[in-house]
Amino acid sequence: MIDIKVVNKGKHPLPKYATAMSAGMDLRANIDAPVVLHPMERKLIPTGIFMALPEGYEAQIRPRSGLALKHGITVLNTPGTIDADYRGEVMVLLVNFSTEDFVVEDGERVAQMVIARHEQGCWQETDILDDTERGAGGYGHTGVK
């Protein structure tokens with residue numbers, strides 16, 4: 001566990017892990033009135049949460065499987081990354097891939113947030129790369145016989 005400074009300007013409890021081994025915490029919509037998502041429409045949904053992640057960490061915003069399966073609602077730009085130096089409100093970019101309107105209600109669990117450690121890369125320019133069994137095989141390469 002890492003400590004994360006958080007300001008909750010919303011009207012709902014802080015996100016929490018549902019079980020002892022959950023990877024993500026559910027984020028709730030913090031809205032004054034229901035938000036209608038029409039088919040193929042996307043909207044930013046506020047959460048009321050502001051945080052300061054430690055250096056070397058990010059928050060990944062991911063879809064909730066139940067919303068995706070039952071209603072065709074997912075998070076666009078998945079996973080969305082919240083950097084450690086961001087201090088604005090955590091927002092969720094929802095999209096409706098179904099053929100029916102979907103209504104987001106205040107307090108509804110709209111996404112999950114995973115806290116993850118990361119590294120930054122440092123480019124080392126070279127004229128040649130080492131060979132591997134895969135080589136330059138790209139999309140679909142390992143499924144073709």
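Start by selecting Asn30, which sits in the loop between β2 (24-28) and β3 (35-37). Strand names here follow DSSP runs: strands are E runs of at least two residues, helices are H or I runs of at least four, and both are numbered from the N terminus. You're looking at a predicted model, where local features need pLDDT of at least 70 and side-chain atom pairs count only at pLDDT 80 or more, while totals for chains, interfaces and linings use all residues. Residues are numbered from 1 along each chain as its sequence is written, and side-chain values use heavy atoms, with hydrogens and water left out.

**Stop 1: Asn30**

Is Asn30 buried or exposed? Asn30 is buried, because its relative accessible area is 14% and buried means under 20% (exposed is over 50%, partly exposed in between, using a 1.4 Å probe and protein chains only). Now show what surrounds it. Not counting residues up to four places away in sequence, Asn30 touches Lys9, Gly10, Lys11, His12, Pro46, Thr47, Gly48 and Asp106. A contact here means heavy atoms within 4.5 Å.

**Stop 2: the cavity**

What counts as a cavity? On a 1 Å grid over the protein atoms alone, a cavity is a set of points where a 1.4 Å probe fits but cannot get out; a pocket is an open set with protein on both sides within 12 Å along at least five of seven lines, and lining residues have an atom within 4 Å of a point. Rolling a probe the size of a water molecule over the atoms shows where empty space is left.

The largest cavity has a volume of about 60 Å³, and a search of the whole structure finds one cavity of 30 Å³ or more. Volume means the space filled by probe spheres set on the grid points, which are joined across faces, edges and corners. Colour β2 and you'll see the strand that gives the most to this lining, with three residues. By class, the cavity lining has five nonpolar, two polar and two charged residues. (Ala, Val, Leu, Ile, Met, Phe, Trp, Tyr, Cys and Pro count as nonpolar; Asp, Glu, Lys and Arg as charged; the others, Gly among them, as polar.)

**Stop 3**

Two strands pair if DSSP finds at least two bridges between them.

Now go across it, pair by pair:

- β1 and β4 are joined by four bridges; look for Val6, whose bridge partner in β4 is Met51.
- β4 and β8 pair over six bridges, with Leu44 opposite Leu93 in β8.
- β6 and β8 share three bridges, with Ile73 opposite Asn96 in β8.

While you're in β4, click on Arg42. Arg42 is exposed, with a relative accessible area of 55%. Leaving aside neighbours within four places in sequence, Arg42 is in contact with Leu37, Leu76, Leu93, Leu94 and Val95.

**Stop 4**

Six bridges link β5 (57-62) with β10, and Gln60 stands opposite Val114 in β10.

**Stop 3: the pockets**

Which residues lie nearest the centre of the largest pocket? Select Ile2, Ile4, Tyr17, Met25 and Ile115, which are among its 13 lining residues. β4 (42-52) and β10 (109-117) are the elements that each give two or more residues to this lining. The largest pocket holds about 310 Å³ of space, and its lining has 13 nonpolar, no polar and no charged residues.

Finish at the second largest pocket, with a volume of about 190 Å³. Of its 14 lining residues, Ile61, Asn77, Gly80, Met91 and Leu93 lie nearest the centre. β8 supplies the largest share of the lining, five residues. By class, this lining has ten nonpolar, three polar and one charged residues.
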